[in-house]
There are 2 protein chains.
Amino acid sequence: MAPDEFEAALRAIGAERYHVHHPFHHLLHGGKLSKPQVQAWALNRYYYQACIPAKDASLLARLPTTALRREWRRRLEDHDGSGDAAGGVERWLALTDGLGIDRDYVVSLAGLLPGTRFAVDAYVHFVRERSVLEAIASSLTEMFSTDIIRERVSGMLANYDFVSEQTLAYFKPRLTQAPADVQFALGYVKEHADTVEKQQLCLAALRFKCDLLWAQLDALHFAYVEPALPPPGAYRP
Amino acid sequence: MAPDEFEAALRAIGAERYHVHHPFHHLLHGGKLSKPQVQAWALNRYYYQACIPAKDASLLARLPTTALRREWRRRLEDHDGSGDAAGGVERWLALTDGLGIDRDYVVSLAGLLPGTRFAVDAYVHFVRERSVLEAIASSLTEMFSTDIIRERVSGMLANYDFVSEQTLAYFKPRLTQAPADVQFALGYVKEHADTVEKQQLCLAALRFKCDLLWAQLDALHFAYVEPALPPPGAYRP
């Protein structure tokens, strides 16, 4: 595939598999969830947020040049903060605080759905074990994230009196960080996937990443919406 | 905890969390599933069966003595077969054959639920990364398996005209293999978990294992029973 054709194939995966199409997302931004259901979402998604710097650090450790490591280190700063500036993980806790979930309980992961844990851990393992090219390709769901964030934030602000611009502060910086991430990662992948085999590996990496985002919403939907059967030990509203 | 008290604590985890209590299991042995739903179960569970020898080999590679390795090698023989005798993986394929699912499709994993993949891979990673003691403790769900197998086999034979003793041949040897496995593994764990911390790690390992069996049925139930929303790319009856 020519680079543009390859990019189109990457984008087609998002059009089919990105979790913007999941029914739980529609319920969330459409105002159809109760506060406890939104709490369950925020509580579970915390584990995803908290593991992003771990997967980025594990990739950073395998990058071969100063230029690549400086580029990827920016992601750690985005998520873990820098100086007095809070990062994404801390801003996510502002959301769980705002939703009234005890912070120690969130951070303890005691109420986490096993389905969330397995999906997120699969991502960390993937980035640790696969090639640098595949690991970078798996980050490309950020190509699709600005739309879902805009929809989520505007929908939640309009529909839930228990969220505010302040509690949703996680998302605003992501609208500029994600496109910057994508500009580098997509360029890298288009340049380095220079055989059909490598292109196929990148496409598979992006499908895998879409699947693990989707599986997290499956687990939430099953446990808290329909049939609403949280597994033993998980958070019960 | 004294050894017997510790064993009771292990058994209590099964009483609460073993997947014999999952609604999907009740539907399965109670004859409430359609043939396509049973196919989806067999197709997904194939991946679990196929990965059991991988996790056992990864533990075997870390066992320090001939005696321990001989004991654990028996599990590989049970699952991968020996001489002309088929092992558990092959017998599971007799089930998917009997249910009319194309064997190449099953083995390709093309229709696998991501939730199944993440849960099973979590098990393989756990056994690879945790201590030998925790890895052995995680096998102790076999303490609870004879009941679920008896219930499953008798229920499925009574309720589905598309299964037979022959297609369910996977299960019969498990009724003698599992208790032999447990006799060793439970003895090992009771002997080697000689501090409170080690006992707690063993209890956590068994909870983790119950959770990943449970999560597999959650994923099946969500995709094929209620709300019946298979994720993009997964098997569609």
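This is a predicted model: local features need pLDDT of at least 70, side-chain atom pairs count only at pLDDT 80 or more; totals for chains, interfaces and linings use all residues.

Q: Good to know. Where is the place of A:Q49?
A: Look in helix α3 of chain A.

Q: And what is A:Q49 in contact with, leaving aside its neighbours in sequence?
A: Setting aside residues within four places in sequence, A:Q49 is in contact with A:G88, A:V89 and A:W92. A:G88 is 39 residues away along the chain, yet the C-alpha atoms of A:Q49 and A:G88 are separated by 7.3 Å.

Q: Now A:K198. Which helix is that in?
A: A:K198 sits in helix α11 of chain A, which covers residues 196-224. A:K198 counts as partly exposed because it has 17 C-beta neighbours inside 10 Å.

Q: What does A:K198 contact beyond its neighbours within four places?
A: The contacts are with A:L133 and A:A193. As for A:Y170, 28 residues apart from A:K198 along the chain, the C-alpha atoms of the two are separated by 34 Å.

Q: Changing topic: how many residues does each chain bring to the contact between A and B?
A: Chain A brings 23 residues and chain B brings 23 residues.

Q: Which elements of chain A give two or more residues to that side?
A: Those are α1 (3-17), α7 and α11 of chain A. The one that gives the most is α11(A), with eight residues.

Q: What classes do the residues on chain A's side divide into?
A: There are 14 nonpolar residues, three polar ones and six charged ones.

Q: How can chain A be laid on chain B?
A: A turn of 180 degrees with a shift of 0.0 Å along the axis does it, and the RMSD is 0.0 Å. That is the relation of a two-fold axis. Also, 100% of the interface residues of chain A are interface residues in chain B too, so the copies meet through the same surface.

Q: Can we zoom in on helices across the interface? At what angle do the axes of α7(A) and α11(B) cross?
A: They cross at roughly 95 degrees, and the axes come within 9 Å. That angle makes α7(A) roughly perpendicular to α11(B).

Q: Which residues make that contact?
A: From α7(A) you have A:P114, A:G115 and A:F118, and from α11(B) you have B:D211, B:L212, B:W214, B:A215 and B:D218. By class, this contact has five nonpolar, one polar and two charged residues.

Q: Staying with α7(A), what should its 16 residues span, at 1.5 Å a residue?
A: They should span 22 Å, and the end C-alpha atoms are 22 Å apart, which agrees.

Q: Which residues in α7(A) are buried?
A: The buried ones are A:P114, A:G115, A:T116, A:R117, A:F118, A:A119, A:V120, A:D121, A:A122, A:Y123 and A:V127.

Q: What covers them?
A: The cover includes α3 (35-60), α8 (132-138) and α11 of chain A, together with α7 and α11 of chain B. In other words, elements of chain B are included in what covers buried residues of α7(A).

Q: How about α7 of chain B, how far does that helix reach?
A: Helix α7 of chain B, residues 114-129, reaches 22 Å from its first C-alpha to its last, close to the 22 Å expected for its 16 residues. Covering its buried residues are elements including α7 and α11 of chain A, and α3, α8 and α11 of chain B.

Q: Now some backbone details. Where is there a cis peptide bond in chain A?
A: The peptide bond from A:E226 to A:P227 is cis, with omega near 0 degrees. A:P227 is in the segment after α11 of chain A. Over in chain B, a cis peptide bond joins B:E226 and B:P227, and omega is about 0 degrees.

Q: What is phi of A:A228?
A: Phi of A:A228 is near 65 degrees, a positive value in a residue other than glycine. A:A228 is also in the segment after α11 of chain A, and it counts as exposed because it has 12 C-beta neighbours inside 10 Å.

Q: And last, where is A:L109 found?
A: A:L109 is in the loop between α6 (103-108) and α7 (114-129) of chain A. Its phi is near 65 degrees, a positive value for a residue other than glycine. With 14 other C-beta atoms within 10 Å, A:L109 is partly exposed.

Terms used: Residues are numbered from 1 along each chain as its sequence is written. Chains are lettered from A and ligands numbered from 1 in the order in which they are written. Helices (H or I, at least four residues) and strands (E, at least two) are DSSP runs, numbered from the N terminus. A residue is buried if 20 or more other C-beta atoms lie within 10 Å of its own, exposed if 12 or fewer, and partly exposed in between; C-beta atoms are placed from the backbone. Two residues are in contact if their C-beta atoms, placed from the backbone, lie within 7 Å. Ala, Val, Leu, Ile, Met, Phe, Trp, Tyr, Cys and Pro count as nonpolar, Asp, Glu, Lys and Arg as charged, and the others, Gly among them, as polar. The expected span of a helix is 1.5 Å times one less than its number of residues. Copies are superposed by least squares on the C-alpha atoms of residues with pLDDT of at least 70 in both. Axes are lines fitted to C-alpha atoms, for helices over the stretch in contact, and angles run from 0 to 180 degrees between N-to-C directions. Angles under 35 degrees count as roughly parallel, over 145 as roughly antiparallel, 65 to 115 as roughly perpendicular and the rest as oblique.
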